[in-house]
Amino acid sequence: MRLVMLGAPGAGKGTQAVVLSKKLQIPHISTGDIFRSNIKNETPLGKLAKQYIDSGALVPDEVTVGIVRDRLAEPDCAGGFILDGFPRTIPQAESLDRILEELGTKLDMVIDIYCSDDVIIRRLSGRRVCPECTAVYHVRTSEMARQGICENCGAKLIQREDDREETVRNRLKTYHDQTEPLIGYYREKGILVRVQGEGSAADTTAEIYQVLGLTE
Ligand code: AMP
């Protein structure tokens with residue numbers, strides 16, 4: 001299965017991608033995670049990406065497309081993959097079509113997780129992430145998150161720099177201006193499905209399972 005998770009920042013793309021990746025046994029490819037790991041390791045890519053990410057802007061297409069092209073050519077992607085956070089612009093989506101064509105394949109489905117701006121702003125302000133294992137929590141639903149400790153690996157949780165309210169507003173604007181047009185792009189191709197992202201993560205998972213014909 002070759003899937004793209006679409007949706008605003010904080011809609012739940014990453015959370016659902018982790019669940020689906022385990023269920024379907026295919027790699028979860030998050031361009032945001034790739035950038036954050038490069039920032040943490042202070043690589044040249046990390047230094048470049050940080051300037052954009054910290055302001056809520058997008059990393060330039062040619063940089064991001066190159067990363068995804070290399071990743072999709074790796075052997076573990078041959079049986080399918082879940083892209084989370086890519087594509088985010090029409091040119092990226094067109095590049096992805098070309099990359100997949102070169103690999104002799106195409107997308108099966110694009111899952112658009114719908115969530116209003118108000119819900120997103122509330123959600124991201126309480127989001128905490130593990131800098132070691134990338135697990136994601138919310139202070140409202142997790143006691144460990146309130147204590148600031150990762151349930152998986154015991155590391156100290158952090159708030160992402162770009163989850164501060166001012167940056168979240170910029171990210172939402174970036175989403176509406178540059179990423180939302182992808183909904184029409186994929187609807188025209190007949191591979192778009194929309195699921196509700198404002199309820200619990202489990203509700204969204206159930207809806208996605210139904211769409212994909214999966215059982216619990
Ligand atoms: P995410 O974790 O998906 O919210 O990504 C965090 C940040 O990384 C975004 O706000 C962008 O600055 C950058 N980023 C992630 N994916 C992309 C992409 N496909 N194109 C450009 N920038 C990206």
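**Ligand shell and salt bridges**

The shell around the ligand is made up of six nonpolar, five polar and five charged residues. In this predicted model, 16 residues surround the ligand, and the closest are Thr-31, Ala-57, Gly-85, Arg-88 and Gln-92. Helix α2 (residues 31-40) supplies the largest share of the shell, four residues.

Arg-160 places a polar side-chain atom 3.3 Å from an oxygen atom of the ligand, and for Arg-171 the distance from a side-chain N or O atom to a ligand oxygen is 3.3 Å. On its own the ligand has 480 Å² of accessible area, of which the protein covers 96%.

Turning to charge pairing, 15 salt bridges were counted. Both Arg-160 and Arg-171 belong to a network of salt bridges that also links Arg-127, Asp-162 and Asp-163. Within it, Asp-163 pairs with Arg-127, with the closest N and O atoms 2.9 Å apart. Asp-163 sits in the loop between α7 (143-147) and α8 (165-179), whereas Arg-127 is in strand β5 (residues 127-129), so this pair ties together parts that are 36 residues apart in sequence. Asp-163 is buried at 1% relative accessibility, and Arg-127 is buried too, at 14%.

Other pairs involve partly exposed residues. Arg-146 and Glu-143 form a salt bridge of 3.0 Å, N to O; these residues are three apart in helix α7, so about one helical turn separates them. Arg-146 is partly exposed at 48% relative accessibility, as is Glu-143 at 43%. Lys-50 and Asp-54 likewise meet through their side chains in a salt bridge, at 2.6 Å. Lys-50 is partly exposed, at 34%, and so is Asp-54, at 27%.

Technical notes
Residues numbered from 1 in each chain as written. Predicted model: local features only at pLDDT ≥ 70, side-chain atom pairs only at ≥ 80, totals over all residues. Heavy atoms only, no water. Near = heavy atom within 4 Å. Polar contact = N/O pair within 3.5 Å; in protein donor to acceptor, adjacent residues only side chain to side chain. Areas by Shrake-Rupley, 256 points an atom, 1.4 Å probe, with all protein chains shown as cover. Helix = DSSP H or I, 4+ residues; strand = E, 2+ residues; numbered from the N terminus. Nonpolar A, V, L, I, M, F, W, Y, C, P; charged D, E, K, R; others polar. Salt bridge = Lys/Arg side-chain N within 4 Å of Asp/Glu carboxyl O. Buried < 20%, exposed > 50% of the residue type's maximum accessible area, 1.4 Å probe, protein only.
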